[in-house]
Amino acid sequence: MTNATATMNRVASLGADVRRNAWTLGLLAFLVVLLVFTKVIQPGYGPIAAQGLGTSVLPLALAAVAQAIVVIAGGIDLSIGSMMALTSVVSATLMKGQSEEFGVAVVVGVLLLGVVLGAVNGGLVVITRVPDIVVTLAMSFVWAGFALLVRAAPGGGAALWLKDLVIGPIGNEWIPRAAIAMVVVVAIIWIPVVRSRLGLSIYAIGSNQLAAFRSGVPVGRTKLAAYVLTGLCAALAGLSLTASTGIGTPVPGPYTLMSVAAVVLGGVSLAGGRGGVFGPIVAVVVLQMIRTDMTFLNVNTNLAVVAQGVILIGVLMFGSLFELRRARA
Amino acid sequence: MSTAVRTSQWLTPTAWQNLFRDRPLIPLIGLLIVLVGIIQVAQPGIVGLPWAGVILRASVPLAILAGCQVLTMLTGGIDLSVGAVASMAGFVTATFVNSPGGVPLGIAVALAAAALAGLVNGIGVGVFRVHPLIMTIGMSFVVLGLANVWQLQMVQTGAGVPGVLRTLGSGTVLEVVPNSLVVFVPMMLLILLGLRRSGFGRLLYAIGDNPVAARLSGARAWQVLIVLYVISALLAAIAGLLISGLTNTASVSLADTSLLPSVAAAVIGGTSILGGRGGFGGAIVGALILTVLAALLTVLGLPEPTRQVLFGSIIIVVAAAYTRVTGEA
């Protein structure tokens, strides 16, 4: 009897888990379909391509994680692309021609720099009470300006071990090292946070700031912490850019807007308080796979950009239509 | 006695706050004059009628794009597709120079394409309730991609910025008054009067200020939003035509650099990104301030990176000052 109840409870909680993560699971299923489809249209799609996929999506995946954290906390960070550019040029400039050991110090220093950048963003948002989008928009100019001051043109270098972290396979030839790097980052940064009091506070201020405040959540400090985590992840994304390209580029890439798109596709509500970091990561891989497939199908690459936009808009339209229906029912 | 009381009231901080809140244009114009004064001190003799003409000419397209942001921000939205739409409009028109239809056909096609993009934005935001930020980001991908496809199609026919646009965008009357004012002044009057006097204008404020109250009062938000985003895209297209005339270039990424400044100009001009507060007059002054600021930083001989850093800092300072004196974001 108790056994049966326990089983039923387990089934029920599994059902709840599935329902809660329905969006992410759906995305994962779609990714699997895409992978099978890729293998069908391009039988030559092999381990090398999978490794390349891992390396090329890593910067955007990390940027999406960075954006997800701050969006869950009810904010948004439009300076992620600039922070990536700044951390990338700083790391590439410092590592050029230096020893491998010095590279370790540089990486630690750049991660600290990311924390500082995030703290400045968050501090300004909390102190000035100017909307997040305005503050981070303005800071995107500031960080991009600093990036250009560090290095006017692309260049620099990366330590070999750093490149080895994200390029190539590990164990099985099908498993890209970049994927392992991603898992390690999520395991070290996101999982401890989400299981702690801080994680709960981040979701709380994102879903209802006033209610969180009245329940005794330190809103300002939590928001600051969320921006610091975002800065840290943006620094990781910048380092991964340096590692995968071997140089630092001072001009921000399309990462800011793409990260917002990936976050929303990944099931994080822009209103805050809902979603996680796994959905956005899967969304980034899906977006990249669609691009790859369109190349295999000999579709004009520019139409691939169109397709990304259409998919983004289409998914969101049907997603919110579904929400509206449910709200009415 | 009463005069004495009034005088003392003028000197209280509250009175200053009221001035800022009720007449934000006065301190903004004050800031503009201060900036012009600094330029005059930094490089005596530079400020004059021709200089004013140059500043005005550069400000017109930015002011129009800022108008897009003001209109959409009043409803609590934002239009991040204006950069892509503006570039597309300038580019498409340029590709029609050597075609049988000529420039008028090119402009008509460009405006129609822009209106279509705006229509889709409006349907997404108004009917499907997609977040405006993400809807317009997705649309910017679509527009950019399609413009690139168009570029590949048209590359054989040859293209150039039509003389009409060059005259309109960069020409001046007596080396002082920019020709672009012919387009801008009627547009400005239409927007200013439209926001203040027309039912549509009042609906924008109503929807942004309190969507529920607006709905209960019988406002059909979705209809308003569709028309609004079409207007925004058309304004962006006109700005794009002027920019291509001003710079004598036509490329699919021409106006991208104006996107974030357009948001900044609207914010500096006192429009709240949360909706319901602001106006076009402030945005025009905001665009002038940003242009004068860029000129000032050039006069001071500061390199581009430093300019970006100062640019971002000033946006934050002005926005923070607003938040402080108005007590709201």
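A residue is termed buried if 20 or more other C-beta atoms lie within 10 Å of its own, exposed if 12 or fewer, and partly exposed in between, with C-beta atoms placed from the backbone. A nonpolar core is a set of buried Ala, Val, Leu, Ile, Met, Phe, Trp, Tyr and Cys residues joined through C-beta atoms within 7 Å.

The model is predicted: local features need pLDDT of at least 70, side-chain atom pairs count only at pLDDT 80 or more, and totals for chains, interfaces and linings use all residues. Residues are numbered from 1 along each chain as its sequence is written, while chains are lettered from A and ligands numbered from 1 in the order in which they are written.

**Stop 1: the core**

Select B:V85 and B:A236, the residues with the most contacts inside the largest nonpolar core, which has 208 residues. Next, display helix α12 (residues 221-247) of chain B, which gives the most to this core, with 17 residues. Helices (H or I, at least four residues) and strands (E, at least two) are DSSP runs, numbered from the N terminus. Beyond its neighbours within four places in sequence, B:V85 is in contact with B:A114, B:A117, B:V143, B:A233, B:A236, B:A237 and B:G240; contact requires C-beta atoms, placed from the backbone, within 7 Å.

**Stop 2: chain B as a whole**

Chain B comprises 15 helices and 2 strands. Its radius of gyration is 21 Å, close to the 20 Å that the globule rule gives for 329 residues, so chain B is as compact as a globular protein of that length. That radius is taken over C-alpha atoms, and the rule is 2.2 Å times the number of residues to the power 0.38. Of the 329 residues in chain B, 49% are buried.

**Stop 3: helix α11 of chain A**

The mean for chain A is 86, and 92% of its residues reach 70 or more. Confidence in chain A is lowest in helix α1 (residues 2-20), at a mean of 68, and highest in helix α11 (residues 219-245), at 94. In α11(A), 23 of the 27 residues are buried. Just after α11(A), select A:G246, which takes a positive phi of about 80 degrees.

**Stop 4: the interface**

Finally, show both chains: 38 residues of chain A are in contact with 39 residues of chain B. On the chain A side, α14(A) gives the most, with 14 residues.

Key
Contact = placed C-beta atoms within 7 Å. pLDDT = per-residue confidence, 0-100.
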